Amino acid sequence: MHDDTRRRLMLASAAALALPPLVARAQGTKLRLGLMLPYTGTYAQLGVAIENGLKLAVAQAGGKLGGREVEFVRVDDESDPAKATDNVNRLVTRDKVDVLIGSVHSGVVMAMVKVARETDTLLIIPNAGAGAATGALCAPNIFRTSFSNWQPAYPLGKVMIERGHRTAVFISWKYAAGEEAAAGFKEGFTAAGGKIVKELYLPFPNVEFQALLTQIASLKPDAVSCFFSGAGAVKFVKDYAAAGLKDKIPLYGVGFLTEGVLHAQGDDAEGLLTTLHYADSLDNPRNKAFRAAYTKASNNMEPDVFAVQGYDTGLLLAQALDKVKGDLSNRAAVVAALENAVVDSPRGPWKMSRAHNPIQDIYLRRAEKGVNKVVGVAWKALEDPARGCKL
Amino acid sequence: MRWLALPFDTFAIQLLNAVQYGLLLFLVASGLTLVFGIMGVINLAHGSFYMIGAYLAWSLAEHFGNLGIAIVVGVALSLLIGAALEWLFIRRLYDRDHLYQVLLTYGLILIVEELRSIVWGDDVHAVPVPDWLAASIPLTDTLSYPVYRLWISGVCIALAIAMAFVIQRTRIGMTIRAGASNREMAQSLGIDIRFVQLVVFAVGIALAAFAGMIAAPVSSVFPGMGNQVIIICFVVVVIGGIGSVKGALVAALLIGLVDTFGKVLELEVAGIPVLPELAGMSVYVLMAIVLLWRPEGLFGKRAP
Amino acid sequence: MSAPDKARHLRGVVAALVVLALLAAVPFGLDKFAVQFTTRVLIMALFASSLNLIVGYGGMVSLGHAAFFGVAGYVLAFAAPDYEAANLWISLALATAVAALLAAAIGALVLRTRGVYLIMVTLAFGQMLFHLFHDGSFSGGSDGRYIYVRPSANLFGWTPFDLDRHVHLYYLVLALFTLAVAGMAVMLQSPFGRALQGIRVNENRMRALGFATYRYKLVAFTLSGALAGVAGYLAALQFGVVNPEMLGWHLSGSALMMVILGGMGTLFGPALGAAVLLLMELGFQALTKHWQLLTGAVVVGVALLLPRGLAGIARLATRAADD
């Protein structure tokens with residue numbers, strides 16, 4: 001064999017040998033996940049649940065995503081939109097995270113979306129339902145694993161009509177999430193033939209409901225539909241019952257009404273019908289396995305819908321990163337992998353809509369003895385209309 | 001301009017709501033009236049002790065199985081906390097500008113919130129209404145009124161009377177007022193001013209916690225609940241006139257009215273909806289109007 | 001001016017120039033994040049300095065100063081068309097003017113009160129505006145509004161710099177901050193500035209001397225509101241987002257904290273306070289989930305032990321050096 005050919009062959013085989021280690025090196029660097037979540041303040045509990053869920057999914061994937069070790073970088077966003085851009089810049093510019101994950105407060109998420117769009121960073125939203133994030137402001141690099149505010153509210157109208165309620169009052173706080181939920185509910189309820197007598201709003205986060213409950217009592221609608229969460233939800237449900245309205249005018253709500261606060265609401269929540277994309281009591285093996293694993297992994301904490309959303313964020317990332325073998329440099333391939341993933345979630349399998357929001361079943365749940373019992377599926381494979389999204 | 005009027009029976013019930021809310025506000029602000037109004041100490045962390053009270057009510061009621069006992073123990077504990085705070089921090093600031101009190105108590109808000117998170121976690125909790133107060137009184141065919149709310153109103157009225165009596169008519173009250181208006185003279189009369197200040201501050205903290213405990217069954221118990229009430233408490237004291245218990249009561253009732261009717265009346269000016277859209281502004285508009293009209297508040301003494 | 005005074009004055013000018021030179025060098029030595037962070041520090045320093053004008057020099061404590069900051073930010077958001085750039089100079093002038101007008105209007109009403117009542121009534125106006133922007137439908141509600149395209153610095157067809165580049169933005173902020181502080185320094189030496197400081201010490205005496213104290217206070221309040229507006233405008237420009245929390249009392253509270261931490265009534269104290277507070281938050285967050293416990297402890301410590309702020313320490317040190 002000629003010397004030159006031999007050398008060339010050797011070089012070629014050396015290159016062939018060298019190639020896999022090169023790829024392995026790309027995979028070898030740690031994958032940096034930037035968590036921007038509330039760890040202090042009113043939503044601290046939600047931030048912790050999301051992080052626990054995410055970490056469980058990563059642990060179940062063997063502590064690696066797409067073959068790469070995972071490193072978490074955390075920032076407490078304090079649910080303060082005024083500090084949001086600064087916080088997200090820290091993760092993107094200083095910590096150079098590969099994927100940005102957050103957050104709970106929708107004002108904070110709007111700031112994250114802004115930065116993600118400008119810097120073309122991958123963003124996965126594990127909670128906040130701000131419609132614009134997967135609507136008018138949708139982008140190839142922005143995904144959501146939770147819900148849009150429209151989504152769980154829309155089927156509620158049909159549910160109420162089916163139960164014979166033709167007129168309704170809607171009540172919420174005066175803030176973006178409440179108004180978007182109102183729009184979803186209104187659309188569903190009117191489409192099913194119902195009539196909204198009145199929409200009532202309280203200044204956020206005012207919890208003095210008595211004046212508006214008096215108004216509901218004098219309006220005498222067939223039923224009331226509402227959007228509240230957290231401590232406000234506890235107080236609203238208790239006040240509604242204490243005013244004697246519970247047995248006279250049935251109360252319905254977007255599922256956050258009874259999410260994570262059912263024990264605090266006690267008997268006053270008994271029998272409440274709500275719609276949401278998850279229920280603790282979902283009777284499928286996937287959910288049971290998840291719940292057992294979560295409880296074991298997080299110090300006997302019970303998982304809730306927020307934990308599921310965090311968990312699904314992990315599942316989604318694991319699947320997409322496996323597909324691209326941990327290589328995030330080819331953005332188109334990464335986006336395609338995220339878009340085509342079918343997430344085997346405790347809430348039931350779901351995949352992304354064209355606007356990158358889950359197409360998912362919305363369940364009808366009844367609160368019974370401290371548990372949200374699944375009554376049925378209120379809407380099968382519901383997709384957010386994503387108005388204004390040009391993807 | 002367009003108003004939407006209310007039918008009379010609804011109006012009457014809304015009036016009841018307004019009074020009831022106003023009285024609750026007075027209860028929450030009562031400790032601040034004492035500490036801010038009479039001692040002249042701005043305690044931004046007043047709301048934090050309202051929150052601590054609610055958490056104490058919840059955890060002690062679980063422990064003792066009885067809200068009454070929980071309240072007694074809780075009040076004793078918060079008196080101790082208040083005394084400790086006065087001894088450690090507040091007494092170093094009496095002679096300084098209000099600015100430093102604002103700053104110190106702002107820091108206390110952050111500290112108390114984190115300690116609450118460490119001790120009790122970040123969950124929302126409910127405190128059950130005691131059985132003997134759990135009933136409701138029917139008002140219309142659809143609406144009834146919870147007895148516990150009426151009971152709170154009763155407690156508030158009793159507290160207002162007791163405070164006015166103690167401060168205006170008793171020896172202790174005279175000592176407090178003397179100490180507040182002229183420290184040197186009080187001292188020369190043989191009053192241990194330091195001790196009086198310690199007691200008054202501790203009582204103020206205990207009142208905040210007491211309000212939290214009484215309100216816990218209707219408000220529920222949650223992180224950050226103090227921050228929601230603190231500003232409104234200052235509004236109560238300032239509208240009423242600093243140092244006036246009567247003023248605080250009147251102001252609280254006024255705010256109750258404005259808040260309640262701001263949410264239910266409909267008002268349009270030149271086609272732009274003003275109420276209830278901007279109901280969140282109503283209380284602050286009231287405060288601004290009162291202070292521009294009478295800078296010292298409704299019942300405050302005119303500045304020299 | 002006595003000789004030691006003159007020496008101290010000179011030393012101050014030299015120190016300021018050294019700091020300015022260091023700040024001007026920041027983009028050369030530090031990475032993008034550090035430059036962005038310093039930009040934010042400078043914006044907050046400007047905001048705190050504007051508050052210092054009324055709190056430190058005028059003796060008027062406000063707990064509603066964020067209103068002017070936030071409103072100016074919203075002015076930029078309203079002035080910027082969705083897909084085009086607003087003009088920097090026009091929108092900056094507009095935002096500053098709106099903040100100044102608002103401050104003049106609010107000041108005209110609130111400056112009739114003083115002391116604790118002034119703290120509370122400024123708080124009331126601040127909260128009023130917060131709710132207006134939070135609940136009103138014109139402002140984008142609780143989610144706030146976006147500024148999609150950064151303003152262009154076009155000046156009669158000539159564009160001296162590009163605000164999409166973080167270094168350019170940094171120098172603009174540094175320039176405006178320097179201008180503002182220098183302007184304040186000159187103003188404080190002027191008869192107006194001396195009268196203002198006289199009012200802080202003893203308003204009744206100044207009135208007896210024939211000064212229309214209310215008018216002096218109102219002018220200072222308006223100036224301070226305008227400067228807060230410049231800071232708010234720059235914050236909106238840097239972040240590209242405005243939200244109601246920009247007007248909230250928490251921001252007013254932090255600004256007050258910066259002023260006191262650094263040293264009330266000193267020219268550079270508030271800026272120092274802003275830098276220290278922001279750096280502290282950055283550091284504490286890395287330490288523990290309960291980082292606000294540490295921030296709270298520092299705040300309490302400053303209130304108790306450092307009434308004159310960090311500048312107080314510096315003054316003690318220089319005095320010791322002089323003696």
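1. Let's start with the domain assignment of chain A, which gives domain 1 (28–147 + 282–356) and domain 2 (150–276). Please keep in mind that this is a predicted model. The C-alpha centres of domain 1 of chain A and domain 2 of chain A lie 29 Å apart. Where they touch, domain 1 of chain A contributes eight residues and domain 2 of chain A contributes ten residues. On the side of domain 1 of chain A that touches domain 2 of chain A, the classes are three nonpolar, four polar and one charged.

2. Next, chain A as a whole. Chain A contains twelve helices and 15 strands. The C-alpha trace of chain A spans about 100 × 40 × 40 Å along its principal axes. Of the 391 residues in chain A, 63% are buried. Among contacts in chain A with a separation of 6 or more, 72% are between residues 24 or more positions apart.

3. Now to the sheet. In chain A, six strands make an open sheet with mixed pairing, in the order β2-β3-β1-β4-β5-β6. At the edges stand β2 (64–65) and β6 (142–144) of chain A; each has a single partner strand, so one side of each has no neighbour in the sheet.

4. Strand β1 (residues 31–37) of chain A runs parallel to strand β4 (residues 99–101) of chain A, and three bridges join them. A:L35 has A:I101 in β4(A) as its bridge partner. Towards β3(A), seven bridges join β1(A) to that strand, and the two again run parallel. Here A:L33 stands opposite A:F72 in β3(A).

5. A helix also belongs to this picture. Helix α2 (residues 44–60) of chain A packs on the sheet and touches β1, β2, β3 (68–76) and β4 of chain A. The direction of α2(A) makes about 160° with that of β1(A).

6. How do β2(A) and β3(A) run, parallel or antiparallel? They run antiparallel, joined by two bridges. The bridge partner of A:L65 in β3(A) is A:R68. β2(A) and β3(A) form a hairpin with two residues between them, and A:G66 in the turn has a positive phi of about 55°.

7. On to the contact between chain B and chain A, which takes 33 residues from each of the two chains. On the side of chain B, the elements that give two or more residues include α1 (8–38), α9 (225–240) and α10 (245–264) of chain B. The most comes from α1(B), with five residues. By class, this side of chain B has 14 nonpolar, 15 polar and four charged residues.

8. Lastly, chain B also meets chain C: 35 residues of chain B are in contact with 37 residues of chain C. Which elements give two or more residues to the side of chain B that touches chain C? They are α4 (98–120), α9 and α11 of chain B. The largest share, 15 residues, comes from α4(B). This side of chain B divides into 26 nonpolar, four polar and five charged residues.

Notes
Residues numbered from 1 in each chain as written. Chains lettered and ligands numbered in written order. Predicted model: local features only at pLDDT ≥ 70, side-chain atom pairs only at ≥ 80, totals over all residues. Contact = placed C-beta atoms within 7 Å. Helix = DSSP H or I, 4+ residues; strand = E, 2+ residues; numbered from the N terminus. Nonpolar A, V, L, I, M, F, W, Y, C, P; charged D, E, K, R; others polar. Buried ≥ 20, exposed ≤ 12 C-beta atoms within 10 Å, placed from the backbone. Domains from an automatic or database assignment. Pairing = 2+ DSSP bridges. Axes fitted to C-alpha atoms, helices over the stretch in contact; angles between N-to-C directions.
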